[in-house]
Amino acid sequence: MNTISNSIFSLDPSYVKQFQDHLLTWYNDNKRTLPWRENQDPYRVWVSEIMLQQTRVDTVIPYFERFTALFPTLQDLAYADEETVLKAWEGLGYYSRVQNLQTAVKEVCETYAGKVPDSPKEIAGLKGVGPYTAGAVLSIAYGIPEPAVDGNVMRVLSRILLIEEDISKPKTRVIFENAVRELISHEDPSSFNQGLMELGALVCTPKSPACLLCPMRDLCKGFEEGKQNELPIKLGKTKVRTAKMAAGILAGEDGRLLIHKRPSEGLLANMWEFPNTEYVGENKNAETEALGSYVEETILASVELEERAGYIEHVFSHLKWEIQLWQGKVRFKGENLPADWKWVRVDELEKYPFPVSHQKIIRLIKEAIIL
């Protein structure tokens, strides 16, 4: 049916025609009603694809609706206050995605007169737009037959075409992109790429694929050889580092809480958080000494940590935070806090964008478990 040689696919034209017919018929009959499918506005398609990276569709729907209500046009997002944008994204994680998106839409406004580029080279030059996002926007919004290959699509095609290459290797993506270029419908590339995505979401799922219900079953080499549950092959795994953290719910003399804004670069850039630091050791003295020293040295204050108030875990793709929470008081010695620190009342916390781990701390505070 197919051969792989130097990452180039060769598929029989009759097979390609059957593949397109089966997939497009199934998609048109079974596609879900989703808010970003209401039209082919490139901006809305772009926002949805950024949100859907590493996030489930059901989770994204309310975020997408709120986000596009706040920023209905590309121009609205481009010139919005960054903190307002981060707050609208709060809970989705991977905050650099929305920061890159805002930078990119501003470039579209200023370089492309507010029109999302419809050429592969120009759209790929925008910040945060990788090959998948570029292919998705070009095909879905503009009807250009470009591949949109993510992990979902690689899983589907590895089974149907029996591609036994390690999908964790970057070079493997080229094999799948070439396969899509051979297979994609030039008459309806939008439905074709969305059909592959939908098939992976509803039928050809990561575990227990519903092969008996699959419209591609008769064309599926993996099913024919009984290998569908062994594919895709993914050998490389990201090593996750564990960081022991101590975080403080620290009140000033007037009862307001101390919060801190993270740096503008790096993990969770420009998000707000409760004072925290990494520590080394196995006892509470290691926690309190590290946290107390960090706050005292950073803002010139005296810190009294009174009691341990909880424990929170949060896992990133490459990092696990094990956060010990401490309740305490702060006596500020200076006249003004540094610009990236604030005193806030509990009822003001909702105004600021916090990462998920620190939203959990806010919930504890509001449930009166602490303070």
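At what angle do helix α2 and α3 pack, and how far apart are their axes?

**Figure 1. Overview of the protein chain.** The predicted model contains 14 helices and nine strands. Its C-alpha trace spans about 80 × 50 × 35 Å along the principal axes. The chain has 371 residues, of which 50% count as buried. Among the contacts with a separation of 6 or more, 68% are accounted for by residues 24 or more positions apart. The chain exposes about 18,000 Å², and carbon and sulfur atoms supply 48% of this area.

**Figure 2. Packing of helix α2 against helix α3.** Helix α2, formed by residues 42-52, packs with α3 at an angle of about 140 degrees, and the two axes are 10 Å apart. This angle makes α2 oblique to α3. The crossing of the two helices is right-handed. On the α2 side, the contact is made by Y43, R44, V47, S48, M51 and L52. On the α3 side, V57, V60, Y63, F64, F67 and T68 take part. Sorted by class, the contact of α2 with α3 comprises nine nonpolar, two polar and one charged residues.

**Figure 3. Packing of helix α3 against helix α5.** Helix α3 (residues 57-70) and helix α5 (residues 82-89) have axes that come within 9 Å and cross at roughly 160 degrees. An angle over 145 degrees counts as roughly antiparallel, and α3 and α5 are therefore roughly antiparallel to each other. Their crossing is right-handed. Helix α3 contributes Y63, F67 and L70 to the contact, and α5 contributes V85, A88 and W89. By class, this contact has six nonpolar residues, with no polar and no charged residues.

**Figure 4. The covered helix α9.** Which residues of α9 are buried? Helix α9 runs over residues 151-160 and is mostly covered, with nine of its 10 residues buried. The buried residues are N152, V153, M154, R155, V156, L157, S158, R159 and I160. The elements that cover them include α1 (13-30) and α10 (172-183). Helices α11 (189-202) and α12 (221-224) are also among the elements covering the buried residues of α9.

Figure 5. D188 belongs to the loop that lies between α10 and α11. Is this residue buried, partly exposed or exposed? Its relative accessibility is 25%, so D188 counts as partly exposed. D188 and L24 are separated by 164 residues in sequence, while their C-alpha atoms are 8.5 Å apart in space.

Figure 6. H358 is located in helix α14, which covers residues 356-366. Residues under 20% relative accessible area are classed as buried; H358, at 1% relative accessibility, therefore counts as buried. Which residues does H358 touch, not counting those up to four places away in sequence? With those sequence neighbours left aside, H358 touches E273, F274 and N276.

How values were computed: Residues are numbered from 1 along each chain as its sequence is written. This is a predicted model: local features need pLDDT of at least 70, side-chain atom pairs count only at pLDDT 80 or more; totals for chains, interfaces and linings use all residues. Side-chain values use heavy atoms; hydrogens and water are left out. Axes are lines fitted to C-alpha atoms, for helices over the stretch in contact, and angles run from 0 to 180 degrees between N-to-C directions. Helices (H or I, at least four residues) and strands (E, at least two) are DSSP runs, numbered from the N terminus. Angles under 35 degrees count as roughly parallel, over 145 as roughly antiparallel, 65 to 115 as roughly perpendicular and the rest as oblique. A crossing is left-handed if the near helix is turned anticlockwise from the far one by less than a right angle, and right-handed if clockwise. Contact means heavy atoms within 4.5 Å. Ala, Val, Leu, Ile, Met, Phe, Trp, Tyr, Cys and Pro count as nonpolar, Asp, Glu, Lys and Arg as charged, and the others, Gly among them, as polar. Buried means under 20% relative accessible area, exposed over 50%, partly exposed in between (1.4 Å probe, protein chains only). Accessible areas come from the Shrake-Rupley method with a 1.4 Å probe; for residues, only the protein chains shown count as cover.
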